[in-house]
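Please look over the protein chain shown here. A short report on its fold and packing is wanted.

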Amino acid sequence: MQEINVILKDFQEKYQLNYVARQASGSVFYQNGGTVILASVAIDDKDVEGDFLPLSVQYIEKAYAVGKFPSGFIKREGKPGEFEVLTSRIIDRTLRPLFPKNYKRSTHISIFVLSYDKKSDLQVCALNAAANALLVSEVPFSIPVAATRIARINQEFIINPNIEELVQSKMDLYISGSFEDLLMIEMKGASTQEDGIDEELLLEAIELARENNNKLCKQYQEKIQPYKKNMLILSEEKDLFITEIYNFIQKNYHEKVKKILNQMSKSERNTQLDSLGAEIFENSKEEKSWELEQVQTTLSQYKKNIMRQQVLEEGIRADGRNTKEVRSISIETNILPYAHGSVLFTRGQTQSLVVATLGSENDAQGRDGLSLSIQKECFTFHYNFPGFSVGEASMIGSVGRRELGHGNLAKKALEDSIMDKTRVLRLVSEILESNGSSSMASVCGGSLAMCACGLENTGLVAGVAMGLIKEGEKYAILTDIMGLEDHDGDMDFKVAGNKDYITAMQMDIKLGGIELKILKEALYQAKEARIHILDIMEDVKRKIKINNSILPKIEVFKVPANKIIDIIGAGGKTIKEIIEKFNISIDLDREKNEVKIYSTNAVNASEAKNYILCLIGEQQIYQENEEIEGIVKKVVDFGIFVSLPRGGGDGLLHISKFTQNKSEKSSDYFKEGQSVKCRIIGFNKGKIDLDIIK
């Protein structure tokens, strides 16, 4: 990819970045080759209430960027596509931790792709544009941020590959950072020895990305940061943490807090902690002038400190595990009788039901976006997170960014392990209970679900979520984190792979950066856990009983090029009859002279294949003079068509074979559905002639 070029036009004397979108708080008109992106930042005038950062990010691709009309009936950009949602999420995850804690203004970052050269990496460009728009805005954000992607082709790493190079690469590593600090990592890798990425190779690639990000951040600091607008003066944050309340809780409620911590190790919900806060407030309000919000905030901090201190000082977690221990695992396979494959994977208090469905080419997912023409994806992974999985009484609505992100991570982890890339497969993970690491439970369940439906793979893939607690120079890396440790810890680090290679990774840092030494230790600790989980999964795999009776069947075979038209028939009549007769779907590939039959029933697929081969004269199932018993399929004036018992089509029993009386009709002798015994007397251009056995 070309070196980044941020267009800074018409700066007047002060070199302002507001070339376009001048009413926004900050904007960047960004160009990389023929790709042009407008990133703008808009902020509200007043602070919002609540203990959260009111940040929203929207990455939007304009169809005119590649000179085409939007797809769909309305012909206008509408609901964001999956790539747009995932890109928005990448930008949000990178920038959100860097905002000041007391920043409360509603802030919206919009990123428009205005022109696309079909070479540039849109996700890298989008993050760089968004980060620089923030850098020059009024938002008190003065940290240069950059993104780098690493590919690997012919055993060589490539920094910021173009789209063609990325397609060739079996590795896709995306890293955002600030100078030498790593902020976020997304990675997809291969599962085989030829292209696999182990821990050492991954660390080497991460170091390359970090060096490139550092170089870019220095450029941004030198060339862009001097033109930052006057920063907003933040209103003083109300101090909700009260030392007096903290000491009061420590003296009177320490054991209750520890008990709640134990309960929170079994659930992601904080309801008991909220109830205790209300109790403390009620019991103290006659003597103290504390506010409920101050009590709740201080109690939350006390809970957090207890959890972290216990881990750092004693090496014991809230649920009693040590730092490297994986929660207990149980796995059941093919528990759904009429699903092609199903796995119930339970790890601690996280439970995922993963269901596999095999399909035909017509079931493949269509994809449309600026960086790709309309194409079909054979493998899809859908992740669902209903409210009841964490005990919440909430309606199940449309898929959110979190669900798309987790599903995409699981897809990355499993995709390379599928041996037949043309086989259409859908995996759905229903999270039935959640207390941390539900996406990694989905990976484990998904890998086994592929085995449960008889799909061949390069080997099982498992995933584990790692955490970090760090105070000064002291730190602890946690294996298989639960919701409590994710919420109050400093890192969410998910690693998936087989016993030798990493197939997917995702990392979010809350510290503002992580040292490579800690990252390396976390990678190897994750590998230990992964191997432990894979051993359990391998034992389960050996005991899987596949539901062969309900699995769909695909028959693929070659035919002479001049016979394709015979299969189609006049106006498509023949192929329609075959589809209806055998209840199948057929794909004809004229370029490959290939016929692909898909059926939910193996017998139907085999009989349809035999029928087609007989139709075009490539195969004879029956022998001359062979006696058969068939079923009358159709009665016509000149005889009857008999459905043959072993497939291969219909035979014709001419009226002359059962009557010489010209005044008699075929219907005087036979009715549809009637059984009839015949003898095969000849073959005529794929048709079978019959005689009646009297």
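## Overall chain

The model is predicted. The protein chain has 694 residues, and 52% of them count as buried. Its secondary structure consists of 15 helices and 28 strands. The C-alpha trace spans about 110 × 65 × 50 Å along its principal axes.

The accessible surface of the protein chain is about 32800 Å², and carbon and sulfur atoms account for 47% of that area. Among contacts in the protein chain with a separation of 6 or more, 70% are between residues 24 or more positions apart.

## The eight-stranded sheet

An open sheet is built from eight strands, ordered S7-S6-S8-S9-S20-S19-S17-S18, with antiparallel pairing. At its edges are strand S7 (156-159) and strand S18 (474-479), each of which pairs on one side only. From one strand to the next, the twist averages 20°.

## Nonpolar cores

The largest nonpolar core contains 104 residues. Leu 173, Ile 206, Leu 427, Phe 493, Met 505 and Leu 519 have the most contacts inside this core. Helix H12 (residues 516-541) supplies the largest share of the core, with eleven residues. Another core, of 46 residues, lies apart from the largest one; Tyr 30, Leu 122, Leu 127 and Ala 129 are among its members.

Which residues does Phe 493 touch, not counting residues up to four places away in sequence? They are Val 464, Ala 465, Met 466, Met 505, Gln 506, Met 507, Leu 519, Ala 522 and Leu 523. Two of these neighbours, Met 505 and Leu 519, are listed with Phe 493 among the residues with the most contacts inside the core.

Terms used. Residues numbered from 1 in each chain as written. Predicted model: local features only at pLDDT ≥ 70, side-chain atom pairs only at ≥ 80, totals over all residues. Heavy atoms only, no water. Core = buried A, V, L, I, M, F, W, Y, C linked by side-chain atoms within 4.5 Å. Buried < 20%, exposed > 50% of the residue type's maximum accessible area, 1.4 Å probe, protein only. Helix = DSSP H or I, 4+ residues; strand = E, 2+ residues; numbered from the N terminus. Contact = heavy atoms within 4.5 Å. Pairing = 2+ DSSP bridges. Axes fitted to C-alpha atoms, helices over the stretch in contact; angles between N-to-C directions. Areas by Shrake-Rupley, 256 points an atom, 1.4 Å probe, with all protein chains shown as cover.
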